Amino acid sequence: MSSKPESKVAWTDEPSSTNENLGSLWTDFTQNTGFHGVNKLTPGRNYRIRCVSWTVAVLAMSSFMTYNITQELVNYYRYPVITNTKVEVLEELPFPAVTFCNQSPFNLSKIKAVDPYLETYLTKVSMLGPMTGSINWSDPGYGPTFRESHSREWWENVYMTPQNMFYLCFMNGILHEPCISAMKPILTNMGQCATFNWNASEEAKVRVTGSDNNLILYANVDQANYVLGSQLAAGIKVILHDPRTHPDVATSSFFAAPGTSTYAAVLRSTYEYLPPPYQAFKSRTCVDTSSPSFNNTLQYFDTYTYEHCLQECITTITHDLCGCIKPADNATIGQICSMYNFTNCYADKYRYLMTNATIQKSCGCQVPCSFETYSVKVSTSRYPSNVSMAFILKLGLAPDEDFIRENYLEIRLFYDQLIVQATLQTPQYTTETIIGNLGGQMGICLGASILTLTELGEFLLILCLTIFRKCKHGGQVTHIKPTQH
């Protein structure tokens, strides 16, 4: 039984017309490619309408695919992120650094001993000062004490003393006596304060929760030595912060009033944002302070934070304008302002700069990609109870009940649960997701894949070679035609 001889394609040097050669290439590609619908694009004598219809369909789906792929790539290079928040349960938690500041920075007895006019000056610059009229600097009482620069030690000598503020302290059930032995005195904008758990390399850990554990303190605010100032209330300001952060720039705090027991349940939150090119905060990027290539540009703070950067920038600008700094500022910046210069230059300039968004933006400060915060849930009760009051008076620790109600207070700072609220940013697109999305668009529109793209590349390569041969042979090309074997 005879059969038709098998035909195999082979390269020959037989010249033929360009149209015939290109047409055979197109026909071969459309009939063998993996692209859906392309095999129906070869025109035939009886199927021209069908060919036109499929051509329109393939072009429409190609356009739709091109649009979607373009949108995917545009979105990819916008570097979008996904922000997730979760709660982690741990076996132990690091306790925050806690700074305690008396609401009255200055000690009345001490300022009277230095210069009796100091009380008048502090009243004039207090919150109620405008009600007493402006300072008359021509008054002989405002002499050298007010016009000369003083050292940090001089200022520390007229502030309230933290050593005398606390009389009983416990941490994780361990008594610290005296209390100041577990604290570090620190000079702040609120005067001489004291920080518990200040050493970042030896920070306290908590494994047991509840108000009867963690940090418990008993304090005497000494209202008899209060001086009028920017705060009109009595008590202690409690500031929670990272041990490496200065309390002046910390954002989490609460107040404890005399005659009350203040319970503060702490919640620790951690944040991990993505560094550039991702925009961690909508239209802003963060700085990756944990990167080996990070260089801390701050001169007066060992740890880079947005608040430290802004504080240093504004302080430096104010120093350049007024030639001096506050007592709590880094002493290497310059000399401390005299009270005259502070009142007539520094205070107003500093306040203006700290509220001027344009100036703050010019500082170029960035938020770190990784940081932590502490929030507190505060509740209070009357302190002490009647039975406790009777016992305190019996021990002779206070002269009378009124003195205790006006000066004594209790602070209980604790974790009520060993949990951390963690916020983590992840890229919306990874290499795998972008390839999957692009492959999905090609697959649903044209049934394409990486291999079918290889087929298209092969076709275009042969097409270019064919055209090149045409140019080389002066209008004729070598023809790929079947030969009989």
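How far apart are the mean positions of the positive and negative charges of the protein chain? The 34 positive and 40 negative charges have mean positions 12 Å apart. Lys and Arg count as positive, Asp and Glu as negative; His and the chain ends are not counted. Each charge is placed at NZ of Lys, CZ of Arg, CG of Asp or CD of Glu.

This is a predicted model: local features need pLDDT of at least 70, side-chain atom pairs count only at pLDDT 80 or more, and totals for chains, interfaces and linings use all residues. Residues are numbered from 1 along each chain as its sequence is written, and side-chain values use heavy atoms, without hydrogens and water.

The C-alpha atoms of the protein chain fill a box of roughly 130 × 55 × 40 Å along the principal axes.

The structure holds 7 disulfides, a disulfide being a pair of cysteine sulfur atoms within 2.5 Å.

The link of Cys 309 and Cys 365 is left-handed, at -80 degrees. Both Cys 309 and Cys 365 are buried. For Cys 313 and Cys 363 the torsion is about -75 degrees, so that disulfide is left-handed.

Cys 471 is exposed, at 57% relative accessibility. Its sulfur is 11 Å from the closest cysteine sulfur, in Cys 464, too far for a bond.

How values were computed
Buried < 20%, exposed > 50% of the residue type's maximum accessible area, 1.4 Å probe, protein only.
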